Amino acid sequence: MTRIVCLLTINEPAGNELAGNDPARPALLQVALAHSPRVEDVGAGRIYLDASGLEGLFGDEPRLAARLRDAAAAVDVEIRVGIAESRIAALAAARLGRGVTIVERDGDAAYLAPAPLSLLDLPEETATRLSRWGLRTLGELAALPTAGLFERLGGDGVRVQRLARGEDPRPLVSWRPVPLFEESAVFEWGIETLEPVVERLRELAARVCARLGAAGLAADGFEWTCRLGAGRVHEGALTPAVPITDADSVGGLLRLALEARPPRGVVEALTFRARPVRLAPAQESLTDRSRPAPRLLTATLNRLVALVGADAIGAPALLDTHRPDAVALASYPPHPAPPPSSPRGEGPALALRRLRPPAPASVTLASGRPVAVRSGRLTGRIVAGVGPWRVSGEWWSPRPWLQDEWDVELADGTLCRLAHDGSAWRLEGIYD
């Protein structure tokens with residue numbers, strides 16, 4: 001019979017620690033691997049390990065749990081331990097219990113019955129629906145008729161009900177170390193000029209790209225480190241527009257990056273590393289327009305970088321501010337998200353075409369409301385308008401801003417947005 005141990009840190013990580021930066025994770029993983037050959041790391045300060053057949057090595061389950069806690073404490077990690085026959089029951093035992101909690105054999109369903117539904121980490125839509133049904137515990141979900149649950153929630157409903165009953169036949173996904181795609185070279189006499197550094201770095205990149213291709217991977221980022229004399233270090237990084245493994249394209253990007261920011265000093269050693277990603281295979285639709293090959297796209301970007309500089313190439317990204325039209329250039333995302341589709345039954349929404357920069361305008365007011373506008377882009381009588389909306393921000397910075405905005409309709413049907421900052425009017429944009 002399978003027995004699963006859940007190791008849960010006392011203070012579960014949050015925020016950026018969920019992205020893989022939990023400082024306790026390596027130590028906790030080391031403790032688990034020292035006690036079982038089958039370990040699953042799910043992140044968020046939680047690790048599962050297979051306890052089946054470990055009695056001969058570490059004694060019964062209470063002794064094993066105590067040993068795991070002591071080993072974690074030795075590396076300054078405080079944990080709770082839960083042991084059961086399924087992941088969900090072991091997690092409930094670790095999260096709801098104190099210290100060490102062991103669920104008796106064939107007792108997962110009974111132990112889970114009073115546990116809250118939030119233990120399942122359900123999608124928001126499913127959790128909201130179950131809450132509307134009046135369900136609060138896993139036992140209430142487990143007691144529902146399976147046929148009726150399938151009719152309302154489909155296969156996902158049956159799956160979560162089985163979990164609520166402690167039925168989880170999935171095997172542990174064994175942890176494997178992340179392959180390190182890195183190459184290094186040491187130069188006994190050092191390199192003083194840029195061109196040999198570029199060539200040596202291109203050779204390292206070619207070896208890394210060959211290893212990536214052999215593993216069926218690509219890279220969405222590259223980094224390099226130049227060890228200079230007197231213990232100094234020069235570092236650099238680049239992010240291609242699309243994940244690539246083509247050595248020639250990577251070499252071209254490296255040359256541009258090093259020419260823009262060369263190491264200052266004698267280079268004694270080089271290290272080049274890639275950030276691997278696995279691209280899901282996809283078949284292009286027969287009706288879609290053809291797309292450029294990654295190598296051709298990268299080569300084009302290389303030429304653009306050489307013309308305008310790396311800082312002028314990228315994808316627009318909204319800044320964390322309420323200032324209208326506040327955008328900056330950011331690195332291209334490796335997997336662009338598809339554009340959101342319009343809700344069923346709704347037509348296309350109006351699109352505001354912003355003028356960059358906004359056009360100066362002269363506005364005539366009547367009783368404090370705009371009745372006519374004149375600018376280099378358009379002129380006319382205003383027949384309808386809504387506003388003003390006051391928007392402001394960055395009052396804590398040296399450059400605070402504040403303006404009143406109006407959306408108006410001209411006599412010829414044109415819709416546009418006007419803005420007034422207390423001193424002048426501007427035409428901000430025109431609606432399609």
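1. Buried means under 20% relative accessible area, exposed means over 50%, and partly exposed lies in between, with a 1.4 Å probe and protein chains only. Val 77 is buried because its relative accessible area is 8%.

2. A word on the basis of this note. This is a predicted model, where local features need pLDDT of at least 70, side-chain atom pairs count only at pLDDT 80 or more, and totals for chains, interfaces and linings use all residues. Residues are numbered from 1 along each chain as its sequence is written, and side-chain values use heavy atoms, with hydrogens and water left out.

3. Back to Val 77. Val 77 sits in the loop between helix 3 (61-74) and strand 4 (79-84). Helices (H or I, at least four residues) and strands (E, at least two) are DSSP runs, numbered from the N terminus. Which residues does Val 77 contact, leaving aside its neighbours within four places in sequence? They are Thr 9, Ala 24, Ala 27 and Ala 72. Contact means heavy atoms within 4.5 Å. Ala 27 is 50 residues from Val 77 in sequence, yet 7.5 Å away in space, C-alpha to C-alpha.

4. Now the charges. Side chains of opposite charge can pair when their charged atoms come close. A salt bridge is a side-chain nitrogen of Lys or Arg within 4 Å of a carboxyl oxygen of Asp or Glu. By this rule there are 25 salt bridges.

5. Arg 3 and Glu 61 form a salt bridge, with their closest N and O atoms 2.8 Å apart. The pair links distant parts of the chain: Arg 3 is in the segment before strand 1 (4-9), and Glu 61 is in helix 3, 58 residues apart. Arg 3 is buried, at 2% relative accessible area. Glu 61 is buried too, at 13%. A network of salt bridges links Arg 3, Glu 61, Glu 85 and Arg 105.

6. Arg 417 pairs with Glu 405 in a salt bridge, the closest N and O atoms being 3.7 Å apart. Arg 417 lies in strand 16 (residues 415-420) and Glu 405 in strand 15 (residues 401-410), so the pair ties together parts 12 residues apart in sequence. Are these two residues buried or exposed? Both Arg 417 and Glu 405 are buried.

7. Compare Arg 152 and Glu 151. Their side chains meet in a salt bridge (3.9 Å, N to O). Both Arg 152 and Glu 151 are exposed.

8. Last, Leu 307. Leu 307 lies in helix 11 (residues 294-308). Leu 307 counts as exposed because its relative accessibility is 72%.
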